[in-house]
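Subject: Handing over the two-chain model

Hi,

Here is the structure I promised to pass on.

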Amino acid sequence: MKLTALIADDEELARRLIREYLARHADIDIVAECENGLQTVGELARCSPQLVFLDIQMPKLTGLEVLEASGRRSGVIFTTAYDEYALKAFDLHAVDYLLKPFAQERFDQALEKARRQLGRPAAPTPAAPALEKMLSERRLDRILLRERGQLHVIPVESVDYIEAQDDYILIHAADKSWMKTQSLSELEKQLDPRRFIRVHRSFLLNIERMRSIERQGGDGHVAVLQDGRRVPVSRAGHERLKTAI
Amino acid sequence: MHPIFSSAHRLQWYASAWLFVGAMLAASLVAAGDALWTNALFFALPVCLLYSFIALSAYYVCRSLPLAQRQALHTGVSFAAAAVIAGLTLVGIGTAWTSIGRSLGIEWGAFELTRRYQVLLFGLGVALYLLSLFAHDGLIALENLRSAERREADSRALAREAELQALRAQINPHFLFNSLNSISALTSLDAAAARTMTIALAQFFRQTLALGERQKIALSEEIGLCESFLTVEKIRFGKKLDAAWHVQQAALPAAMPAMVLQPLLENAIKHGIRDLSEGGVIEIAAEVREGWLRISVNNPCSIEQDTEQSAGNPTNQGNPRHTGIGLQNIRQRLAAMFDGRARIACRRDDRQFIVELTIPFLPLEDTPGRPS
């Protein structure tokens with residue numbers, strides 16, 4: 001049976017090297033080559049290849065953001081020149097990766113491992129949960145979300161505050177509100193705790209956007225943003241806010 | 001507050017000196033035959049001690065007339081006026097104290113402050129106050145000297161720190177390993193290109209090691225370094241990357257810290273050209289005008305591009321992803337070398353990102369010409 005593969009790397013020479021290493025493996029068919037993260041997400045959806053050679057440091061979206069946006073978990077072989085944060089996460093979760101420059105032998109090994117896991121789709125693959133955990137634990141620079149089939153990228157520094165609704169969250173950033181299905185606590189863990197403070201059970205506030213804290217009612221408080229919007233602050237939230245500033 | 005109050009030890013010495021002055025005054029009163037020792041001491045010691053605090057006000061008079069901006073006449077008038085006021089105050093203190101002494105009605109507390117003694121007291125007050133003014137001037141000058149030395153040491157430490165950071169940045173692991181990966185790919189595709197790239201990479205590292213150790217280099221040397229860097233990057237990014245130099249001949253010998261232009265080019269590629277699928281041209285210009293050297297780096301960037309390229313903005317400082325040396329470090333090194341007379345600004349115009357650097361034009365002597 002032939003295996004389909006996708007190569008994602010913004011450097012042409014790096015893609016050609018993988019192509020060359022793959023030439024020895026006659027059973028692998030390269031169905032797509034991508035030079036940035038956004039294109040990779042599109043191609044993954046279009047041709048759902050069984051194997052993905054994924055560079056971490058790519059323009060538009062990083063390799064890890066590609067996984068987050070596409071939901072892809074199996075058959076991924078990471079390649080990276082140097083990214084100490086990603087490498088630490090890989091080691092922590094025992095995810096296999098190729099360090100550039102890599103030899104044919106090392107490449108074949110990683111390919112063999114991925115192939116073995118693809119060969120038994122019924123068996124629980126260790127890679128998927130490990131990747132899941134790694135993605136949910138990393139610190140975000142931007143938040144990805146899908147709205148009406150389109151992928152949006154929101155830099156975290158543009159976020160004003162995030163509000164929890166029933167089973168989704170509302171991200172208020174740059175005069176817009178975005179909906180994302182994720183729990184507030186989950187997202188809170190991925191954001192810089194020095195910048196984002198849980199001021200209320202249902203509100204996560206970017207303190208750089210806060211203008212003042214005002215009293216409201218007996219001993220209640222409310223945070224006033226630079227543009228005048230008001231975010232409720234609970235008693236515990238007020239304590240956290242005070243220690244943060 | 002006056003610096004003397006910050007140390008009990010100093011205050012003690014100061015009071016002792018004034019008590020000695022008081023004792024001398026008492027001794028002269030006794031010698032003149034106008035008072036007994038008890039009466040003379042009872043008069044002179046408290047008056048001098050009180051006046052010692054008045055004399056401390058000289059500190060504020062000196063501080064209000066900074067040494068560097070003094071004019072002889074203005075200073076003379078101010079000092080004389082302050083001394084006269086102080087002298088009159090001393091007479092006032094003396095008069096008040098003698099009347100208190102009289103009202104106490106004790107024999108050794110009485111002292112007759114005659115007109116003659118009032119004049120004497122006034123003269124003494126003026127003289128001592130002038131002395132205090134000069135002493136304060138001396139101390140302030142000494143303090144200024146010390147703080148200037150401290151500032152210089154601070155700026156040296158800052159420069160060293162910046163240098164260290166620059167050295168670390170030179171060996172950008174991402175650049176090194178990606179280049180090695182490209183060479184590895186080229187060995188089978190195009191052996192000659194692999195060799196060219198190996199040589200350019202070696203040359204780049206050799207130049208950074210040699211230049212990084214030097215306090216200042218000529219613009220021509222920095223350009224040589226950038227050309228090796230671009231040779232490597234052009235092979236890595238292929239047709240996507242190109243560079244155009246517009247450098248005035250007169251600008252070549254300009255002195256600057258090493259590794260100022262190269263990180264700007266690195267940023268232009270990393271946050272600009274790399275994100276464009278069609279690639280682009282980096283425009284580098286340098287010119288000398290009216291004693292200033294102006295360098296600009298201009299690169300196309302995508303519309304949705306965030307502000308990452310301006311890694312100098314403080315919000316990016318704590319972000320480990322921005323491992324690029326950043327504008328902040330360049331700014332610090334330029335400030336250390338040109339004593340604050342350097343400016344670096346970046347802006348976005350539509351689809352262009354422009355960094356502009358303005359520094360005093362100081363030609364470095366015996367600069368080697370631009371390497372071809």
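Below is what I found, starting with how to read the names.

This is a predicted model, so local features need pLDDT of at least 70 and side-chain atom pairs count only at pLDDT 80 or more, while totals for chains, interfaces and linings use all residues. Residues are numbered from 1 along each chain as its sequence is written, and chains are lettered from A and ligands numbered from 1 in the order in which they are written. Helices (H or I, at least four residues) and strands (E, at least two) are DSSP runs, numbered from the N terminus.

Where the chains meet

Let's begin with the interface. Here 22 residues of chain B are in contact with 20 residues of chain A (contact means C-beta atoms, placed from the backbone, within 7 Å). On the chain B side, H6 and H8 each supply at least two residues, and H6(B) gives the most, with 12 residues. By class, that side of chain B has 8 nonpolar, 9 polar and 5 charged residues (Ala, Val, Leu, Ile, Met, Phe, Trp, Tyr, Cys and Pro count as nonpolar, Asp, Glu, Lys and Arg as charged, and the others, Gly among them, as polar).

One helix pair spans the two chains: H1 (residues 12–22) of chain A and H6 (residues 173–189) of chain B have axes that come within 9 Å and cross at roughly 55°. Axes are lines fitted to C-alpha atoms, for helices over the stretch in contact, and angles run from 0 to 180 degrees between N-to-C directions. H1(A) and H6(B) are therefore oblique to each other (under 35 degrees is roughly parallel, over 145 roughly antiparallel, 65 to 115 roughly perpendicular and the rest oblique). Their crossing is left-handed, meaning that the near helix is turned anticlockwise from the far one by less than a right angle; clockwise would be right-handed. Among the residues that meet are A:Leu13 and A:Leu17 in H1(A) and B:Ala185 and B:Leu189 in H6(B).

A sheet in chain B

Chain B has an open sheet of 5 strands in the order E2-E4-E5-E7-E6, with mixed pairing (strands pair if DSSP finds at least two bridges between them). E2 (241–247) and E6 (343–349) stand at the edges with a single partner strand each, so one side of each has no neighbour in the sheet. The twist averages 15° from one strand to the next. E5 (residues 292–300) and E7 (residues 352–360) of chain B pair in the antiparallel sense over 9 bridges, and B:Leu293 stands opposite B:Ile359 in E7(B).

Two helices go with this sheet. H9(B) packs on it, touching E2, E4, E5 and E7 of chain B, and its direction makes about 20° with that of E5(B). H8(B) lies across E2 and E4 (280–289) of chain B, at about 165° to E2(B).

H8 (residues 219–237) and H9 (residues 261–271) of chain B also pack on each other, at an angle of about 25° with axes 9 Å apart. That makes H8(B) roughly parallel to H9(B), and the crossing is right-handed. The contact includes B:Leu225 and B:Phe229 of H8(B) and B:Leu265 and B:Ile269 of H9(B), and its residues divide into 7 nonpolar, 1 polar and 2 charged.

One residue in chain A

A:Val31 touches A:Thr4, A:Ala5, A:Leu6, A:Cys47 and A:Pro49, leaving aside residues up to four places away in sequence.

Cheers
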